Amino acid sequence: MSATHPAVVTVGVGQPLEIHQVPTIAPEANEVRIRVEWTVSTPLDLHQADGGLLVNPPHILGSSVAGTVLEVGPDTTRLRPGDRVFGYTFRQKKERAHQLYVTTPETMLGKLSATGGFDIRQAVVTCNNFVSAWHTLTHDFGFEFPWPKPSGFVPRELNDWILIWGGGTSVGQYCLQLLKWYGYKKVLVTASKHHHEKLRRYGARQCFDYREGGTAQRILEAVQSVITGDTPVVPFILDCVGSQQKSLLPIAVIAQSRAIVAVMLPVIVRDAAVDVTPEYLMDVEKAVTWQDGVKAVGVRTHFYQKNEFLAQNLQSVVMPEALAFGTIEPNEYLEVGGANLLERATNALSKLRSKEVSGARLIWRVAEPET
Ligand SMILES: NC(=O)c1ccc[n+]([C@@H]2O[C@H](COP(=O)([O-])OP(=O)(O)OC[C@H]3O[C@@H](n4cnc5c(N)ncnc54)[C@H](OP(=O)(O)O)[C@@H]3O)[C@@H](O)[C@H]2O)c1
């Protein structure tokens, strides 16, 4: 085993990415070490590289891995060398995704062979926001998602409207599909028109093109006929965009007393762009003026493991089964090229910065293909 391996790191706000040699960590207890073949660049990588969000550079980027198990710790029970796996791994240096080898507990990985035939690239685009969607809907909205789903399951909130602002985002697409699986029927989304057909197939009752303007008013008009008693018109609102101006402000018009508004953090005050340093907020309550009685919360998927069932099962059991059962289909993806690790990571970040891709994840190779 080599003593060190290459990792992609951000060294400071807006600085070019660098490759650093970092220690290769042998697995202990229930950990495994994997050779990372594919990863994803997500908006969080951009928030961290261009905005320094919650990082202390030099910081290894990335949180989605797919690859092959090379060695296992003494207490592993599920994974063996040679298993192909995928997972959302993010907590410590040795787990972050944009490096050649990752060492992480086997509970944070699903087996590719349990997905019912999905390709490793489809698997790698699933993990991060499948976990985010599950965590948000169960933790922040309190929805009950028993797994496996009992036959005849009917959700408690069957008669409540749910609004997903940004249904075309990666996390929005998984939220919609999970809601459909559990029988929710009153889900509204905002998204560009070119996503509407797909989002209807994922269970959206009505899609609103946010680019047409007046979206908050149009949504209120669509749901107002069903007001009963003092129930807020839309009791559950999920903001998958988190833009102070473009999503929180219109949502603040819609959200009435007792509504829960869950915002995928960070709140974006100024978005990253070429030669623009982004600005973020983490306090959702202060980001806009909410109507009295609205409960606005910031989503932090990084804490999903506080739920012991999810810590043990969400990635290792539920995630591959959700693919195999057809609960979810993976996001579309675009493969980012480049002559080496640094070039591929840099190219992916640049595509995120310039917003040139819509509705698809950006994936790239970490290890060079074996010849
Ligand atoms: N805190 C957490 O736990 C957590 C977890 C996951 C994600 N996040 C955050 O959630 C955000 C979304 O992440 P993601 O990976 O799902 O994003 P993504 O897939 O990269 O989202 C891009 C999509 O956002 C849509 N969009 C942009 N502006 C919009 C607007 N004003 N209204 C509606 N849709 C708009 C665009 O859709 P169109 O093509 O329709 O224009 C675009 O395709 C990021 O900021 C990310 O960091 C936070």
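This report walks through the overall build, the domain interface and a few backbone details of a predicted model.

## Overall build

Let's start with the whole chain. The secondary structure of the protein comes to 10 helices and 18 strands. Along its principal axes, the C-alpha trace spans about 65 × 50 × 35 Å.

How does the radius of gyration of the protein, with its 371 residues, sit against that of a compact globule? A compact globule with this number of residues would have a value near 21 Å, and the protein has 20 Å, so the two agree.

## Two domains

If you trace the chain, you will find it divided into two parts. Domain 1 is made of residues 4-126 together with 330-365, while domain 2 covers residues 143-302. The C-alpha centres of domain 1 and domain 2 are 28 Å apart. Where the two domains are in contact, 20 residues come from domain 1 and 20 residues from domain 2.

## The interface between the domains

Domain 1 and domain 2 bury about 1600 Å² between them, and carbon and sulfur atoms give 58% of that area.

As for salt bridges you can look up by residue, K355 forms one with D271, and their closest N and O atoms are 3.5 Å apart. Helix α1 (residues 43-51) provides five residues, the largest share of the side of domain 1 that touches domain 2. Sorted by class, that side of domain 1 has nine nonpolar, six polar and five charged residues.

## Backbone details

A few spots in the backbone deserve a look of their own. Most residues other than glycine have a negative phi, and most peptide bonds are trans. Which peptide bond next to P58 is cis? The bond from P57 to P58 is cis, with omega near 0°, and P58 lies in the loop between α1 and β4 (59-60).

Another cis peptide bond joins L265 and P266, where omega is about 5°. P266 is found in the loop between β13 (260-264) and β14 (267-270).

Finally, there is A29. This residue is not a glycine, yet A29 has a positive phi of about 45°. To locate A29, go to the loop between β2 (18-23) and β3 (31-41).

Technical notes. Residues numbered from 1 in each chain as written. Predicted model: local features only at pLDDT ≥ 70, side-chain atom pairs only at ≥ 80, totals over all residues. Heavy atoms only, no water. Domains from an automatic or database assignment. Contact = heavy atoms within 4.5 Å. Buried area = accessible area lost by both parts, 1.4 Å probe. Salt bridge = Lys/Arg side-chain N within 4 Å of Asp/Glu carboxyl O. Helix = DSSP H or I, 4+ residues; strand = E, 2+ residues; numbered from the N terminus. Nonpolar A, V, L, I, M, F, W, Y, C, P; charged D, E, K, R; others polar. Rg over C-alpha atoms; globule rule 2.2 N^0.38 Å.
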